[in-house]
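Dear colleague,

I am passing this structure on to you, and I would be grateful if you could look through it before reading my notes.

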Amino acid sequence: MIGFTLRRLVLLLPVFFVVSLVVFFIIHLVPGDPIDNLMRAGSTPEQRLQIAAKYGLDRSLVEQYVTWMGRLLTGDLGTSIIQGRPVSALIARNLPYSLELGIAALLFSTLTGIAAGVIAASYQGTRVDDSITGFILLGSTVPSFWLGLLLILVFAVWLGWVPVSGARGWSSLILPTIAAGLGGIALVARVTRIAMIETSRQDFVTLLHAKGLPPFIIQLRHVLRHAMVPVVTILSLRIGWVLGGAVTIEYVFARPGLGSLLIRALNQRDYPLVQGCLLMLAMAVIIGALIGDIVQAAMDPRQREARA
Amino acid sequence: MNRRGFLASVSVVTLAAGLGLAGGYSARASEPEAVFALGSAEIGAPHHDPIRATLLSTVATLIYDRLIEQDVDQSYHPHLAESWENSPDGMNWTFKLRQGVRFHDGEPFNAATIAWWIPKFKGSPNEYLVDAVDRVEVVDDYTVRFVMKRAEPNLIYNLASSFMGIPSPKAYDAAGDNFGVTEAVGTGPFMFESFAVGQETVLVANEDYSWGSDLSNNKGAPHVKRLTLREIPDASTAFLELKTGGVGLLLGVPDQFLPQLQAEEMLDFRSLPGFGITYLAFNTRAEPFGDAAVRQATALAVDQGAILKSVFNGIGLEAHQFLISTLVESKIDPKLEIHHDLAKANELLDKAGWQRGDDGIRVKDGKPLKIKLTAQSETAIKRTAEIVQAQLKAIGMVVEIDIFDSTTVVDQLKKGQHQLAVRQYGWNNADILDWFFSTTNIPYPNSSGWQDEKSQELRNVAMQQSKTQDERVANFRKYQENLIGNFLFVPIHEPVQNYAFNKTMLDVPAKLRGTQLVQATAVDIKVIG
């Protein structure tokens, strides 16, 4: 198991290099540059050149990449051109809000999704299954932007139970969590349901039934446990989403976070900040996948051997 | 750690994070408090340092005072400068400063402050505001003289800019790059308490304040003792916050929300004249707009009245020249203003050799009259582009609309890849003409690519040779008349600035003073109950 983990960690190095290349160059493919957003009526062309020189934007892209990479290896993500603050400080300022919402939404969608998947699988082919499957379909297609506004209208405006927006305490977390988590519920429930149904058809389940174990115990203790492997895979891939997947939710609910930081930086073509945020999110996805691999391998020795 | 333990830990961390963030916000029920939501254009200001900022929010006008204030009619009023005098040759400005003013950190405001402050702009993005000043001479403790490199009657406008709020020298030098982020010290009616970029700024009343300008009824400490200015990017969410009382006042309401606002009993709104113009920008380097007749025909085909009604619900004014209507420089010869005249537009194209085909589309030398209209993805701009597309069809011009985000639009303009673009600007000074049409600003912001000796000569006179304000007004009128005579733009709409408030929570003066709802009104606002 230790050898498996170490091999996976070593593989991260070339992945990190490729990710850094993509992250650095992708923003330069988008038209526009940050200096346009620093120019005010009355600014002179000389000031434009000064700004370009200050942030190294007058050098070739390769030179800029080498400088950026050199700093990155020392843990320096550079300075935001628009905000004039260290990128790492801006990320650190927004990260807790993203983690707070992301973890809450992940927990909400995981627990609710697994429960819905188990119930749907247990009542396969009945109206209960149809209702849950219908809800899953609806949940995966409703735009979170629209859902967010609908939730605000019902629970904040009409009922007055929670605040409309902001990031002030747990009550302001409820609606964004539901809006951000609904799509996840659909995904987790769908995967759980299919895995449960497939596992239920295996011989050992037939044997358990033959032994006279109550169906409730068989489903929760034996079938669900085996069905968790694909669910864990899905959840590990959503670790990256935890950090940056709630962009529209942050926008609707006026919440700070990495997603809104990235969108603002993209609109302003704030290269260092975009690169810092993208690198952070990409690494979260990669590390999420790594954790998923390790957890899967720990849960199922066959996978560990297959991937060795 | 087992799975149960892991889940429990995550839950505790999440809850703790939630409560921890909540802990930073505590209401003080005994004090009159208010929450304002900043307008969409103000969102994302990275700090409140007026010297090095490229984007400042209303917050800066509450923390810092300026030497001079500008009213809604663009007139100038004393504030930290009690009076001022410009020498006949325009080469010296003398300011008498108000006495008894103190910064929030207790430091005195005097002539030494100004002598420290003006040189601070050197190398900053706002250097142009004072670049005509050669040096500042301290005449006595409360009198300063600006010795000019050249006559600059527009200095008075620059000094009334929100970027000319005066910070405390001691606090500014001590804080370095953190000034405006972790602290912001001015002489204004509100004092900085906290700031979270993209989220909110919390201010508290400066109880020692007694030097309000004559634009405010209240010259002393503000009635609101604790003021939170929130950043809510989505206009619908901001409106719902206003409706539920989460926010007392919105500093900027899109026109399309006004009918809903008027339908709500507890809501009310105030308006101020516009701060900018929506217009069509030609690229004179791209055919067919190299031809003045095609530009003129396009301009005359646009029906400003129809756009005002259908896009802006009748709110605001039709624009027939390039400057906002409260500027005296906007009063040009009425015969030169651009008004809808479809018959003349068609006649011009006929004369220019553009003949209508069977399908109604004009053709010249085998080429159809087909153009691209660049616009950004904001609702009002997109709708304006659609109406313009329909209106230009009436002169046999086929318009294809290209929608991009604002930075990509700017990139297209810089590269001269556009033919016609829907643009908006926000600026209350005639020097916007120089910004968009001076030869020195090609390719951007002069994306029209206009290069003309006569136009540039008039620009130079207006910008550099005006010695007095009256001369400047006359010179800018001549400059605009030249530009409009060459049909370099199509003025469309002059919006109004709308401010909505919850009248069960706030008492907002019926008449707003200042060019925007800023310090002058904020100190007069009272909390109800």
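This is a predicted model: local features need pLDDT of at least 70, side-chain atom pairs count only at pLDDT 80 or more; totals for chains, interfaces and linings use all residues.

Residues are numbered from 1 along each chain as its sequence is written, while chains are lettered from A and ligands numbered from 1 in the order in which they are written.

Helices (H or I, at least four residues) and strands (E, at least two) are DSSP runs numbered from the N terminus. In helix H6 of chain B, residues 235-244, the buried residues (20 or more other C-beta atoms within 10 Å of their own, with C-beta atoms placed from the backbone) include Ala238(B), Phe239(B) and Leu242(B). Just after this helix, Gly245(B) takes a positive phi of about 85 degrees.

Leaving aside neighbours within four places in sequence, Leu250(B) is in contact (C-beta atoms, placed from the backbone, within 7 Å) with Ala238(B) and Leu242(B), and also with Ala37(B), Tyr499(B) and Ala500(B).

Strand S10 of chain B, residues 226-230, is largely enclosed by the rest of the structure, because four of its five residues are buried. S10(B) pairs (at least two DSSP bridges between the strands) with S1(B) in the parallel sense over five bridges, and Val35(B) stands opposite Thr228(B) there. With strand S9 of chain B, residues 200-205, the pairing of S10(B) is antiparallel, again over five bridges, and Thr201(B) has Leu229(B) as its bridge partner.

Best regards

Note on methods. A residue is buried if 20 or more other C-beta atoms lie within 10 Å of its own, exposed if 12 or fewer, and partly exposed in between; C-beta atoms are placed from the backbone. Two residues are in contact if their C-beta atoms, placed from the backbone, lie within 7 Å.
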